[in-house]
Amino acid sequence: MEELDGEPTVTLIPGVNSKKNQMYFDWGPGEMLVCETSFNKKEKSEMVPSCPFIYIIRKDVDVYSQILRKLFNESHGIFLGLQRIDEELTGKSRKSQLVRVSKNYRSVIRACMEEMHQVAIAAKDPANGRQFSSQVSILSAMELIWNLCEILFIEVAPAGPLLLHLLDWVRLHVCEVDSLSADVLGSENPSKHDSFWNLPGNTQTLTELELKWQHWHEECERYLQDSTFATSPHLESLLKIMLGDEAALLEQKELLSNWYHFLVTRLLYSNPTVKPIDLHYYAQSSLDLFLGGESSPEPLDNILLAAFEFDIHQVIKECSIALSNWWFVAHLTDLLDHCKLLQSHNLYFGSNMREFLLLEYASGLFAHPSLWQLGVDYFDYCPELGRVSLELHIERIPLNTEQKALKVLRICEQRQMTEQVRSICKILAMKAVRNNRLGSALSWSIRAKDAAFATLVSDRFLRDYCERGCFSDLDLIDNLGPAMMLSDRLTFLGKYREFHRMYGEKRFADAASLLLSLMTSRIAPRSFWMTLLTDALPLLEQKQVIFSAEQTYELMRCLEDLTSRRPVHGESDTEQLQDDDIETTKVEMLRLSLARNLARAIIREGSLEGS
Amino acid sequence: MFVARSIAADHKDLIHDVSFDFHGRRMATCSSDQSVKVWDKSESGDWHCTASWKTHSGSVWRVTWAHPEFGQVLASCSFDRTAAVWEEIVGESNDKLRGQSHWVKRTTLVDSRTSVTDVKFAPKHMGLMLATCSADGIVRIYEAPDVMNLSQWSLQHEISCKLSCSCISWNPSSSRAHSPMIAVGSDDSSPNAMAKVQIFEYNENTRKYAKAETLMTVTDPVHDIAFAPNLGRSFHILAIATKDVRIFTLKPVRKELTSSGGPTKFEIHIVAQFDNHNSQVWRVSWNITGTVLASSGDDGCVRLWKANYMDNWKCTGILKGNGSPVNGSSQQGTSNPSLGSTIPSLQNSLNGSSAGRKHS
């Protein structure tokens, strides 16, 4: 009873012969792959023809229709507004707000209907036109159902006005022939009708109304009994109609396009002050009488009947089966939940059902390249599984452009989804590294707060520098700011670049101190020390003494440290020997420079100022 | 409602596996023609084959993508007793213009002495790790310690299953509360009715994988196995493709009740069993939220299974071929009415079919 029954939908894939072959498949975020194959894993198959085709199956094509997109967008706004309605509001003000929300939803449906209708008329291809027309019908059905739900569940019209609302409802949705019949029926006794229906804004109470109606009803009955109108069978049947005689009403079946029109008409004449709780009796019997055993109820009939019976769950269930898109049931159920109507039912799946439907709807949105952003907000308002569903879905969004990536990241950051932020940035950083866009890779690593990867990218930068003698992406490195602290290697990269800048600005003393501190503070990787010492050479060879004696001693210490730990090479590899030669020469040069600098430094420091 | 489009696959023999990448914008196919093809989806939604190359010296059984955090990496396994790891190389600009990319082999895993029947990457939080299973009944777990150097993989574990293995599935749950877990299915058709599904769990203390559970009720050959993505449940869901579709839940029993240090014990329940395929079921696979299971079988259909909010599983869709020849041009779609009523009479009832009045 609580389950979503209904036969599974069968989708036919043209070109696949299910009698001959089986199918392999895989899920994608929004699509599914299917291909023909045969499952017998033999080493070499018999001459089975090559697999000609792979099929991509996509769900919910409706999401892609331009006009429906507007529906989704606008209803999204209404949904958000509804969630933010002050929970404190109670009573009349709350009810009027909820009714307003409901009317907003309906006007959005109607606008969509109208636009689609225009397209249907303008369609050049008749098949297309028919397709759009059928969509209009479905939207119309949705509005019909929603309107009824609004009257019965949200507006909760009390006994008197209920029928008025239902009359409006029928007038709005049933075709124009109805108005014709109303005229016919009404014109015979205008005076009686006019005075009777002077209800809006009236000061009569329900009892007064009922009394009046009783009086009028009795009068009509008397006329019938007295055969006042016996001469005119037409007028007599009219009288019978006004007395709510079902048989008489049914005789005019062609004028009543459907059973709910019949129902409302019947109520109008037999029980205009019908109470909501009595509605279901009239509804069922109206349906049965109208169909007269000739046909069985259609899905729409069942939905409406369930509504008249105030069986909200049945309404939702039937709608879920009849409509393939979750939009309708998700929004309607959410609204009814806000009216606190679902909680009074079986608590077990009261709020679960709302969330279940919203999750379904939102998941569907994520299959779309731009509507996924709407889905985010729906997930936000699903307290149990919304967050984790969002986490799973948002990771899968293809990050084709930087803009999209930033959008996705912003959404994740706003919700403190740190793991998703890290993962997405890592994916982008990796992609950048593989494409040799080191600057991009670095900035993504920083955003991901991924120290290990930042180290990796920094190493690449440094390697590049060693090979080419210059830095790429200077802007980025120069403006690292506090992000520099993410990893030691990154800090070194930043500081090293700073050293070069200082040197370029001829701030030699500062540059010298920085260079030294890079080595003594152990921020510089050992592999880089030789390069640093070599960088020190021009500073050592300057006319003025830059490194102090103390600093020179430090540099010497570093050099000795470096050289003492170098491994002894056993094999006589010529290349190795050559490298060794170069290394040895460098070291010699450095020793010489350092010694000379030390001498000059000592002299300068030992001298009196000014001499 | 579904829409189907077709793409000319151009494999010269049976296709054994198709696999979407993480974002659904690339796919890989592998075939008995010993090659793997990679397809890319363009902005307009069309699929193009951007690489096609010979990967093994035997039928390629499975192909799978690594998580994009590791770059563009594929793994394949074959009848030729090897599994291989491939990496895409950013090509020359000429190639880019022609829409071609190159894949190079980073490593060949040759430890198996029999056909390697499945290869799967581990969940990304475990690093760059993959598992293979072979007809010789051994599951091997390899790891690449340096994600920037894909040519270095080391064999970390060898798990003996004693039965010829056909499929493996890693538990995707990344919760710290769960140790890494891998399920192995066997299609061994020898008469001893040994249970065909085994579950192994990594033990932090012994640093080894130990058998945690055997699904005793599954005694028919198992063709595919898949853990469902976990939406924060405390229990695991496992789907099995055997002579029917089966879905099990595994609830970890509280650690205090088991001998400390041993593998977790699980309460195993079967929550669904479907024989709608009426034949062997060959493939099961979960969607990304783990809310829908798809299965395909010898009856040539793909079925979709979903649990409603009462946790009852039902079939919600069937994909089947109608046997009609496909139109010549590829990338063609057949559309169904949008917002569609699955039951077209919803429209009819609105039009008042009973009374026959036409809606304006």
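Is F492(A) buried or exposed, and what is its relative accessible area? In this predicted model, F492(A) has a relative accessible area of 0%, so it counts as buried. That residue is a handy way into the aromatic side chains here.

Searching the whole structure turns up 32 aromatic pairs over all chains. A pair of aromatic rings is described by the distance of the centres and the angle of the planes. Take W259(A) and F308(A): their planes sit at 75°, which is over the 60 degrees needed, so this pair is edge-to-face. It ties together distant parts of the chain, with W259(A) in helix α10 (residues 259-270) of chain A and F308(A) in helix α12 (residues 299-308) of chain A, 49 residues apart. Both W259(A) and F308(A) are buried.

Back to F492(A), which forms an edge-to-face aromatic pair with F528(A). Here too, distant parts of the chain are linked: F492(A) belongs to helix α23 (residues 488-504) of chain A and F528(A) to helix α25 (residues 526-540) of chain A, 36 residues apart. F528(A) counts as buried, at 5% relative accessibility.

Here are the two pairs side by side.

| Pair | Centre to centre | Angle between planes |
|---|---|---|
| W259(A) and F308(A) | 5.9 Å | 75° |
| F492(A) and F528(A) | 5.2 Å | 80° |

Rings also gather in a group: F72(A), F79(A), Y361(A), Y378(A) and Y381(A) make up one aromatic cluster.

Charges turn up over rings as well. The charged end of R526(A) sits over the ring of W529(A), 4.9 Å from its centre. Over in chain B, K251(B) lies over the face of F235(B), with 4.6 Å to the ring centre.

Key
Residues are numbered from 1 along each chain as its sequence is written. Chains are lettered from A and ligands numbered from 1 in the order in which they are written. This is a predicted model: local features need pLDDT of at least 70, side-chain atom pairs count only at pLDDT 80 or more; totals for chains, interfaces and linings use all residues. Side-chain values use heavy atoms; hydrogens and water are left out. Rings of Phe, Tyr and Trp (its six-membered ring) pair if their centres lie within 6.5 Å; planes under 30 degrees apart count as stacked, over 60 as edge-to-face and the rest as tilted. Helices (H or I, at least four residues) and strands (E, at least two) are DSSP runs, numbered from the N terminus. Buried means under 20% relative accessible area, exposed over 50%, partly exposed in between (1.4 Å probe, protein chains only). A charge sits over a ring if NZ of Lys or CZ of Arg is within 6 Å of the ring centre and within 35 degrees of the ring normal.
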